[in-house]
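Hi everyone, thanks for coming.

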Amino acid sequence: MIRWWISALELTELFVSTLVHLVYGFYIFSTAVAGDLSQTLNEWFYKPNMNIVVKEEESRGISKTTTSGDDLPPIVLVHGIFGFGKGRLGGLSYFAGAEKKDEKVLVPDLGSLTSIYDRARELFYYLKGGQVDYGEEHSKACGHSQFGRIYEQGHYPEWDENHPIHFVGHSAGAQVVRVLQQMLADKAFKGYENTSENWVLSLTSLSGAFNGTTRAYLDGMQPEDGRTLKPICLLQVLRLGVIIYDWLDISLLKSYYNFGFDHFNMSWKNMGILGLFDCLLGNSGPFASGDWILPDLTIQGSMQLNCHLQTFPDTYYFAYATKRTRKVMGVTIPSSILGIHPLLFIRVLQMSQWRFPPDISPPYKGYRDEDWQENDGALNTISSTHPRLPVEHPNLFITSDSECQPLQPGIWYYKIVEADHIFFIVNRERAGVQFDLMYDSIFERCRKHVFRKNPQTLPNEAHHQ
């Protein structure tokens, strides 16, 4: 009887979680559509006035664009899981408009559910240009095409050691940059034998997924291996939805939002109805090969990645770890009710009470459940401070930015912020003034405190010299 009650509670939790995620997804999608319709109507009715404004701004901005800044390295904002770049979801911004705070900011659109490895390859070609090459050996092992999207013109083709880049990664986006930097150091891109780790000037992490998350197990990853899915779970619902979405291959929808699995050729044109059933049964596709993002976000998967990733001596690293929990009489509980997004509240509570199954070997020697209880609803705080598994990287905890001046390369400076996982993305109004303080601090650090040669000349300082 007790077993039946437990099963009923698990199914109820699954239903509620699925409903909450679907409602939030529909809210984001409808917000983007409404924003696009509003913009189209404004352009239609006020087109003459808009032209005048644009011309005035262009005439006023001549000196601004000519002096600013071709010498400034771009700041590249890399989205996390379920994220999107510029051009997707209409005018909606994943980083809630933070890209407007600096003149040279790029927001690439990478696969929202593809593996860390695949996203790192996509990011390289987004910047340098050309056709995405996932690598022959990797592509064969994972059962997808070796080549993907073509970038006729790279967004920063001059990128090299003399023209390095600042990266800001949210969630899994931070780990994507680390994998990319290691690929550059290993000269892993065919036709680009001169790459090096010094192509990356700095990496700033916002809730970075460096060491995995226990939420992956709550959502459905098997804690035994960190790669396979439980038979009934939220991720199984996601898997079925993604396969059908890609199989239908509705161009209008996919141009608006794409999970990033085009190189798996899962559309009805390529696999037909039999291929669809094969995918749904788990015999083929990204979920069968494990070449998608969730296995990379388990503790075991993150450790496998981290075994090959270094912290480089000439790159600057800064991390903002987030949490929405606190301890009361030795028990970890959510630190707020209204301050946590409804999408994350249940998970904050569940993650704070997570226990690794006692009949399963822990993911690493010295694992303790209590170390992983503080969280932000998606990531454990211990995971987002700095790379620490299987080997801890050089790090320094700070409470204010002034404590790390002057910045030293090769060290992970990190601070802990009271916020949930999506506090600084999508909806700027949620974070309020903290949003501006956060991103202003990041961009100021990139422009004024991080450099290898001479300090950079900022656009608004050029005319004083």
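S171 sits in the loop between β5 (165-170) and α6 (172-185); helices here are DSSP runs of H or I of at least four residues, strands are runs of E of at least two, and both are numbered from the N terminus. S171 has 5% relative accessibility and so counts as buried. For that word, buried means under 20% relative accessible area, exposed means over 50%, and partly exposed is in between, with a 1.4 Å probe and protein chains only.

Before I go on, a word on the ground rules. This is a predicted model, where local features need pLDDT of at least 70 and side-chain atom pairs count only at pLDDT 80 or more, while totals for chains, interfaces and linings use all residues. Residues are numbered from 1 along each chain as its sequence is written, and side-chain values use heavy atoms, with hydrogens and water left out.

Now to another serine. S207 also has a positive phi, near 50 degrees, and is a residue other than glycine. You'll find S207 in the loop between β6 (200-206) and α7 (215-219). Its relative accessibility is 3%, so S207 counts as buried.

Stay in that region for a moment, because there is a serine in strand β6 itself: S205. Is S205 buried or exposed? At 0% relative accessibility, S205 counts as buried. Setting aside residues up to four places away in sequence, S205 touches G169, A174, F210, F318, A319 and Y320, where contact means heavy atoms within 4.5 Å.

Seven strands form an open sheet, in the order β2-β1-β5-β6-β7-β11-β10, with parallel pairing; two strands pair if DSSP finds at least two bridges between them. At the edges stand β2 (105-106) and β10 (395-397), each with a single partner strand, so one side of each has no neighbour in the sheet. Inside that order, β7 (residues 316-323) and β11 (residues 412-418) run parallel and are joined by seven bridges. If you want a pair to click on, T322 stands opposite V417 in β11.

There is an antiparallel pair as well. Strand β8 (residues 325-328) is joined to strand β9 (residues 331-334) by four bridges. Here R326 faces I333 in β9. The hairpin of β8 and β9 has two residues between the strands, and M329 there takes a positive phi near 55 degrees.

Leaving aside neighbours within four places in sequence, H449 is in contact with Q405, L407 and E444. H449 is partly exposed, with a relative accessible area of 32%. The C-alpha atoms of H449 and V20 are separated by 42 Å, and the two residues are 429 apart along the chain.

Finally, the whole chain. It has 17 helices and 11 strands. The radius of gyration is 22 Å, close to the 23 Å that the globule rule gives for 465 residues, so the chain is as compact as a globular protein of that length. That radius is taken over C-alpha atoms, and the rule is 2.2 Å times the number of residues to the power 0.38. Along its principal axes the C-alpha trace spans about 80 × 55 × 50 Å. Of the 465 residues, 52% count as buried. Among contacts between residues at least 6 apart in sequence, 71% join residues at least 24 apart.

That's my tour, and I'm happy to go back to any part of it.
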